[in-house]
Amino acid sequence: MPKPKILVIDDDEPIRTQMKWALIQDYDLFLAKDGVEAVQIMKKELPALVTLDLGLPPTPEDTAEGIRVLEQLLDIDPSTKVIVVTGNPDKSAALKAISLGAHDFFTKPIDLPELKAILKRASYVHSLEKECQNLQKQVHQQFSDMVGSSGRMQEVFSTIKKVSTTDVPVLITGESGTGKELVARAIHSTGARCARAFVPINCGAIPENLLESELFGHEKGSFTGAHAQRKGKIELAAGGTLFLDEIGEMPLQLQVKLLRFLQDFKIERVGGRETFELDVRVIAATNKDLKKLIEEGRFREDLYYRLAVVTLDVPALRERSSDTLLLARFFLQKFSTNAQKKLSPRAIEAINAYNWPGNVRELENKIRRAVTLAEEHIITPFDLGLGTDADASAEGGQDAQGLNLKKAVEDLEVRLIQAAILKNDRNISKAAEDLGLSRPTLYSLLKKYAITI
Ligand SMILES: Nc1ncnc2c1ncn2[C@@H]1O[C@H](COP(=O)(O)OP(=O)(O)OP(=O)(O)O)[C@@H](O)[C@H]1O
Ligand SMILES: [Mg+2]
């Protein structure tokens with residue numbers, strides 16, 4: 001650890017010398033006799049600490065010059081801890097200095113143990129602040145597209161940071177839409193491989209007979225339709241990261257081949273004779289319970305232990321409800337093109353009350369939809385598709401994708417229209433009024449839903 005830098009500013013030579021001998025052991029020391037020298041050193045060295053005699057020339061009798069220098073120093077680096085020194089037992093000047101940003105003060109004659117204690121404390125605070133700033137910077141830079149202040153997400157962030165400096169395989173688990181792919185990308189982009197490729201492959205979306213050649217590549221003529229040699233995803237990820245999404249869907253026969261690859265990092269293209277070694281980091285994700293799949297004989301236990309050297313569970317959104325509004329606002333900002341739309345108080349209530357079975361993806365979709373639909377500047381629960389309890393529960397029971405939501409809203413509309421028509425003895429004008437609609441709008445809805453009166 002380098003010694004902290006300290007700048008001692010005093011016009012009195014014997015005091016400078018006294019301070020020098022008192023501090024030189026613990027600090028990297030600089031001395032200045034006036035404001036001009038002090039500012040020069042400050043700019044060059046950016047010391048953590050400054051002791052500033054307020055009675056400086058050309059006005060050693062009052063504090064005008066000292067205060068001016070204080071302001072200059074803090075302009076150069078507001079994080080520097082300036083301890084002002086006054087020769088005057090009247091504390092008003094010191095208090096003024098503190099109100100301008102000085103960290104602490106003490107009065108002459110100098111009591112060395114007291115001075116040392118003050119400086120030690122100030123130096124500690126300075127280093128804590130720096131550490132905090134660095135951490136904040138890292139969090140913002142590394143996870144700028146990932147939001148979460150809940151304890152559960154902070155744990156996820158800290159695991160991401162830990163595993164990103166290693167090459168161990170990571171298995172990311174969590175419900176659909178929780179952000180597993182985003183986590184995988186964060187591990188890749190904060191690690192040493194960030195400049196190389198991140199290659200995702202969805203093991204559940206590719207037909208079984210094609211998956212092998214997608215992963216391992218193939219040689220020309222190795223099967224009907226293989227007109228040219230093609231590199232597989234593993235090869236494309238060389239030097240970078242291979243992301244095996246929905247690993248639970250991988251057919252057993254391919255699991256064996258993947259396991260072989262993970263044992264020696266060698267591949268052979270389909271129909272090829274040459275074996276070659278590749279440097280690839282592997283991250284896998286699943287929303288399935290792999291342990292259960294193992295019991296059922298649908299997933300190889302040996303492959304599981306290869307992939308799950310570290311497991312990272314991304315919590316469901318309902319388990320980190322303090323993040324929900326934060327995420328909602330993040331998406332609002334992301335999707336608002338012009339002036340940012342705002343959530344109405346009832347929309348905030350509705351967002352907090354809903355249990356988000358589709359997790360972050362559902363929240364993102366709902367906000368995207370609301371930003372498009374909302375005619376006003378303010379987003380209402382209805383724009384979010386969270387208009388009533390009926391809406392919310394209709395959607396909650398299913399897998400809450402766009403189509404179900406639309407159907408739930410339509411069902412509700414039909415029910416409300418029918419009820420209004422019955423209540424108003426089939427009088428369309430009155431029913432429209434009850435529903436808060438114009439007559440033509442109600443007519444068009446009757447037509448749309450084929451409701452007969
Ligand atoms: N913490 C977060 N901050 C910001 N956006 C997020 C966060 N978590 C997830 N998202 C967004 O939510 C969407 C779903 O995330 P992602 O695709 O990573 O989820 P997933 O767990 O892989 O889902 P699935 O299991 O359905 O594949 C993405 O658009 C992603 O950008
Ligand atoms: Mg995914």
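## Domain layout

The chain is divided into domain 1 (5–135), domain 2 (151–313) and domain 3 (318–448), with bounds that come from an automatic or database domain assignment. Between domain 1 and domain 3, the C-alpha centres lie 60 Å apart.

This is a predicted model, in which local features need pLDDT of at least 70 and side-chain atom pairs count only at pLDDT 80 or more, while totals for chains, interfaces and linings use all residues. Residues are numbered from 1 along each chain as its sequence is written, chains are lettered from A and ligands numbered from 1 in the order in which they are written, and side-chain values use heavy atoms, with hydrogens and water left out.

## The site of ligand 1

Ligand 1 sits in the largest pocket; a pocket is, on a 1 Å grid over the protein atoms alone, an open set of points with protein on both sides within 12 Å along at least five of seven lines, and a molecule sits in it if more than half of its atoms lie within 2 Å of its grid points. The elements that give two or more residues to the shell around ligand 1 are α7 (180–190), α13 (324–335) and α15 (359–373), helices here being DSSP runs of H or I with at least four residues and strands runs of E with at least two, numbered from the N terminus. Domain 2 (151–313) and domain 3 (318–448) each supply at least three residues to this shell.

Around ligand 1 there are 17 residues, of which Val147, Ser176, Lys180, Arg361 and Glu364 come nearest (a residue is near if one of its heavy atoms lies within 4 Å). Among the polar contacts (pairs of N or O atoms within 3.5 Å), a polar side-chain atom of Glu364 lies 2.5 Å from an oxygen atom of ligand 1, a polar side-chain atom of Lys180 lies 2.7 Å from an oxygen atom of the ligand, and a backbone N or O atom of Leu182 lies 3.0 Å from a ligand oxygen atom. The protein covers 86% of the 630 Å² of accessible area that ligand 1 has on its own, as computed by the Shrake-Rupley method with a 1.4 Å probe.

## Backbone features

Most residues other than glycine have a negative phi, and most peptide bonds are trans. The bond from Pro57 to Pro58 is cis, with omega near 10 degrees, and Pro58 is found in the loop between β3 (49–53) and α3 (64–76). Phe265, which is not a glycine, has a positive phi of about 55 degrees.

Key: A polar contact is a pair of N or O atoms within 3.5 Å; within protein, one must be able to donate a hydrogen and the other to accept it, and residues adjacent in sequence count only if both atoms are side-chain atoms. On a 1 Å grid over the protein atoms alone, a cavity is a set of points where a 1.4 Å probe fits but cannot get out, and a pocket is an open set with protein on both sides within 12 Å along at least five of seven lines; lining residues have an atom within 4 Å of a point.
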